[in-house]
Amino acid sequence: MSTDTRTTPTPTRSGLDGFFKITERGSTVAREVRGGVVTFFTMAYIVVLNPIILSGVIDGSGEMIGGTTDLKQSKLLVAVGTAVVAGVMSILMGLVANFPIALAAGLGINGLITGMVLTHSSEKITFADLMGLVVIEGIIILVLVLTGFRKAVFKAIPGTLKVAISVGIGLFIAYIGVIDAGFARRPTTPGTVPSELGIGGSLDGWPTLVFVVGVFLIAMLLIRKVKGAILIGIVGATVLAMVLEAVFHIGPRIFDKSGALTNPSAWALTVPRLPDSITNTPDLGILGQFSLLGSFGKLGIVTSIMFVFSLLLADFFDTMGTVVAIGTEAKLLDEDGNPPHTDRILVVDSVAAIAGGAGGVSSNTSYIESASGVEEGARTGLASIVTGVLFLLATFLAPLFAVVPSEAAAPALVIVGFLMMTQVKNIEWDDMDIALPAFLTIVLMPFTYNITVGIGAGFIAWVLVKIVRGKTREVHPLLWIVAAFFVLYFVKAPLQSLFT
């Protein structure tokens, strides 16, 4: 009598599950879709905010961004371009890298572009010229990825600093949420403290109530382990906001001619009221508005190179920090703290920088707000594709998506920031070699409103501590190079003045 000892082979999964490895990563299609929707709603503000930052400024050609003198038209062009590029690049991230992270126009970089236009208006610099520099920066980043340098730097980062980066970003996005909602803001009386509670040190206004209710609603749902807690919280806060607007006619914040805010208790960006129409015809006219070498003739070689260098470091390390944070939250990092398909993630992010510049809407980069979708259960690129599709739909349904005010989306950032902060327990605070660089990494991100600054300070401190302790052999060779570049980054303004 013989015994059949053969085991039944594990069935090969097909379709969405097999392609995205959904079951393998402990997720479901429903979780991925829900996570993608949540990520979109926490990122959708960029479709409103990017036009506000970039439009309204007259460049050297006498026109606003988009090649028009009409503010409304300029904002519409930037909004549609922002949504299209974000949609395409988020879908590409999902398909190529299978990672739950979405991309859109990078905050900070768009402000830097506007600042350059204002500063160098006498040189006749245009938005198209600066978008050309963004394309060049993206090409350089892509070359660094394809040669393996960017991935090598990624792997050279000490594990402790990767944890600190994730914690710092958690604190940073919570701070963004608090500021976006107006819960904390710049004081109404100049020359006092840098920020204060609400208005004049007190909570005031219905929009602030929407934010507070949103935070507690999401928190209570998470405590009760309700599926879709964050999405339910955003939708619930939006409905409350719409009701309050309909009853009290709160309206938007308005600045007078002197730049003073006349109604600080109003909605920050979006007034949550039902639109007259839920559809619109998108105008793609801004796509392709860039001049690859125009800046070099107007700004000079040194100024142009320093601008590209600033963009380079911001893109290079913001993405690294974001990917580590998302990978940690999704439990997708390996034992060395690296995510799967790191090279593919970095390639797509580099292409996004090029696409953002070529699309005329500023460099696109990975968004830390994707952590909200991960918290909803997203573990694969399917969530990124869902987010991307919603961005593309937003070009046709912009009036509908624009209903969600920042005060209703910001609670998700605060809660996700809290969840990311819990990793702080994994840092050895009794070891000064580790604790000091980690501390600087964490606190300088929100203090300077810049992820790159926190990462740079942490790297420099890590190297300096090792030098003082006589442990220079423990410093990876690439970290010496990176630390040196960050020193140049921190003093780029005096260097630029020296060579111009």
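My entries follow, topic by topic.

**Ground rules.** I am working with a predicted model, where local features need pLDDT of at least 70, side-chain atom pairs count only at pLDDT 80 or more, and totals for chains, interfaces and linings use all residues. Residues are numbered from 1 along each chain as its sequence is written, and side-chain values use heavy atoms, with hydrogens and water left out.

**Helix α10.** I looked up residues 229-248. Helices here are DSSP runs of H or I, at least four residues, numbered from the N terminus. The expected span is 1.5 Å times one less than the number of residues. With 20 residues, α10 should span 28 Å, and its end C-alpha atoms are 28 Å apart, so the two agree. I listed its buried residues (under 20% relative accessible area, 1.4 Å probe, protein chains only). Among them are Ile230, Leu231, Ile234 and Glu245. Their cover includes α2, α9, α14 and α17. Just after the helix, His249 takes a positive phi of about 50°.

**Helix α18.** I moved on to residues 432-448. This helix has 17 residues and reaches 23 Å from first C-alpha to last, close to the expected 24 Å. Its buried residues include Ile434, Ala438 and Ile442. I noted that the buried residues pack against α8 and α19; contact means heavy atoms within 4.5 Å. At the helix start, a side-chain oxygen of Asp431 comes to within 3.0 Å of the backbone nitrogen of Asp433.

**Cores.** A nonpolar core is a set of buried Ala, Val, Leu, Ile, Met, Phe, Trp, Tyr and Cys residues joined through side-chain atoms within 4.5 Å. I found 125 residues in the largest one. Phe317 is one of those with the most contacts inside it. Helix α12 (residues 301-329) gives the largest share of this core, 13 residues. A second, separate core of six residues includes Ala164, Ile434, Ala438 and Ile442. I also checked Phe317: leaving out residues up to four places away in sequence, it touches Val153, Ile455, Phe459, Val482 and Phe486.

**Glu32.** Which side chain of opposite charge is nearest to Glu32? I found Arg379, 6.4 Å away. Glu32 is buried yet has no salt bridge, which would need a side-chain nitrogen of Lys or Arg within 4 Å of a carboxyl oxygen of Asp or Glu. The backbone nitrogen of Arg379, though, lies 2.8 Å from a polar atom of the Glu32 side chain. Glu32 sits in helix α2 (residues 29-43).

Terms used
Helix = DSSP H or I, 4+ residues; strand = E, 2+ residues; numbered from the N terminus. Buried < 20%, exposed > 50% of the residue type's maximum accessible area, 1.4 Å probe, protein only. Polar contact = N/O pair within 3.5 Å; in protein donor to acceptor, adjacent residues only side chain to side chain. Lys, Arg positive; Asp, Glu negative; His and termini not counted.
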